[in-house]
Amino acid sequence: MSAKDEQLKAGTSKEWNWHPDLPVAVTPLFSWPPRPLATFRWFATNWLPITEYLIYAAMAGVVWAWLVPPLDQMQSLSWGWVLQLWARNLILMTLVAQGLHMWLYGWKKQGEDYKFDRRGPAKQARIFLWNDQYWDNVTYALLSGVTVWTFYDAIVWLAYANGWAPMITAQSNPIWFFALFALLPVVQSFHFYWLHRALHIPWIYKRVHSVHHRSVSVAPWSGFSMHPIEHVGYMSLLLIFLVVPAHPIHFLFIGFSLALASATSHAGFEKLVLGDKAHLKVGSFHHQLHHRYFECNYGGPEMPWDNWFGSFHDGSPEATERVRETKRRMHSK
Ligand SMILES: [Zn+2]
Ligand SMILES: [Zn+2]
């Protein structure tokens, strides 16, 4: 194996305590000529055997069955059911983000295994509330994040309860019901790229998005730690359920893939080690690169906007050099 190939293999490097196989993988869904087999494999590994998406879909089923106020109660706005949704979202967010935080950073259950950045969250840093990244991130995520999430939840539930939003079931539209689970993350990636691209316009970046970027070495609570205006944009994807025929389980699923998955994608670790052989992929090296080098990887791997617009960082030192050059050009302007 050549030295170059060796560098591409998952492992440690000068820059990273751990990096996955390089170049960073992105979806083959939009390849030309089409790559049906690779595309099939991409979707299969997104969902099988046990993956984050599968867990969110299962959670959506459980929440729909037991943790949603009765639809007839939600036909008119009232504090009772909205606060119930708020409390549920708060508990779910805390369980996932704090659970990951304790496992990875509190109890250090897997030491440095699969940890991307050698550094940890910042302490004694004046840019954070209470000079502490952890408490700062928790505050933004819970006070602003969960509240904005619940605000959109309330709008869409009100619409479902009154029959204003198109609802399907697994019986009425079985193919669409299952296809939506595969399609929605692609739509989410579309929405995220364009919103995030706008957030990096210097005027908006300074006032809004810089709140999220203060966390350079990210940890679970950093993901949902955003300026309230960014939360309003980020969670607005939920409004597609006012027009796209779907089941409330899809709506819950996307709520989780936005809010809860921000904790996993910013976990700072590629995988959770849950036993000798059991691993669960959580972290996103694609986005970790964005937090370190800023002017790259605005989107996610489910839609290759960065590849199309030349802002893709594939994890290689050459890409780092290219991004640094872009930044020098931007700042000299
Ligand atoms: Zn950003
Ligand atoms: Zn981020």
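These are my notebook entries on a predicted model of one protein chain.

Conventions. I number residues from 1 along each chain as its sequence is written, and letter chains from A and number ligands from 1 in the order in which they are written. Local features need pLDDT of at least 70, side-chain atom pairs count only at pLDDT 80 or more, and totals for chains, interfaces and linings use all residues; side-chain values use heavy atoms, with hydrogens and water left out.

Fold. I looked up the secondary structure and found 13 helices and two strands (DSSP runs numbered from the N terminus: helices are H or I with at least four residues, strands are E with at least two).

Size. I noted spans of about 65 × 50 × 50 Å for the C-alpha trace along its principal axes. The radius of gyration is 20 Å, which agrees with the value near 20 Å for a compact globule of 333 residues (taken over C-alpha atoms; the rule is 2.2 Å times the number of residues to the power 0.38).

Of the 333 residues, 51% are buried (buried is under 20% relative accessible area, exposed over 50%, partly exposed in between; 1.4 Å probe, protein chains only). I took contacts with a separation of 6 or more and found that 71% of them join residues 24 or more positions apart (contact means heavy atoms within 4.5 Å).

Pro23. I located Pro23 in the loop between helix 1 (3–8) and helix 2 (36–47). Pro23 counts as partly exposed because its relative accessibility is 47%.
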